[in-house]
Amino acid sequence: MEQPQPAESWPERPLSEAEARERFEDARAIWVMDPNSAVRSTALPPDAPENPVVDLVAETEAAFEMYSYTGGRWMDYGTQRKDDAEAPPMAGTLESYRVLAGASELDVDPDAG
């Protein structure tokens, strides 16, 4: 995985669920991690959307693109290609995420973790 870089052309606040869907409307699936109350109190600005998106994985036909709202800005954690045999499987990572939009190729049980 690459070192995170500031995401270009992203707002300086968490996304709403609708904004996440719009930003990746061509993705196969959009995965999000729901912030818990500890995250909400420490990482989110007071004007954050009601259901803020702070961790997002966009699944395309060929790869997973990973983003996170950290330290008041969106960070791009890079792309993991689906055909990269040396990369760790995304199913384990995505067990703590839910599909916000689309349909994934992965068989992930979010209640298993």
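Predicted model: local features only at pLDDT ≥ 70, side-chain atom pairs only at ≥ 80, totals over all residues.
1. Start with Asp55, which sits in strand S3, residues 55-59. The Asp55 side chain is buried and yet has no salt bridge. If you go looking for an opposite charge, the nearest such side chain is Arg98, and that one is 12 Å away.

2. So what does the Asp55 side chain pair up with? Leaving aside residues up to four places away in sequence, Asp55 touches Trp31, Val32, Met33, Tyr67, Ser68, Trp74 and Tyr97.

3. Next, strand S5, which covers residues 73-81. S5 runs antiparallel to S4 (residues 63-70), with eight bridges joining the two. S5 also runs antiparallel to S1 (residues 5-6), this time with two bridges.

4. Asp76 is worth a look on screen. Within S5, Asp76 is the bridge partner of Gln5, and Asp76 is also the bridge partner of Tyr67. Tyr67 has already come up as one of the residues that Asp55 touches.

5. Now the turn. S4 and S5 make a hairpin with two residues between them, and Gly71 in that turn has a positive phi of about 60 degrees. Gly72 lies in the loop between S4 and S5 too.

6. Is Gly72 buried, exposed or in between? Gly72 counts as partly exposed because its relative accessible area is 33%, and that falls between the 20% and 50% cut-offs. Across the fold, Gly72 and Leu44 are 28 residues apart in sequence, while their C-alpha atoms are 7.9 Å apart in space.

Note on methods. Residues numbered from 1 in each chain as written. Heavy atoms only, no water. Helix = DSSP H or I, 4+ residues; strand = E, 2+ residues; numbered from the N terminus. Buried < 20%, exposed > 50% of the residue type's maximum accessible area, 1.4 Å probe, protein only. Lys, Arg positive; Asp, Glu negative; His and termini not counted. Salt bridge = Lys/Arg side-chain N within 4 Å of Asp/Glu carboxyl O. Contact = heavy atoms within 4.5 Å. Pairing = 2+ DSSP bridges.
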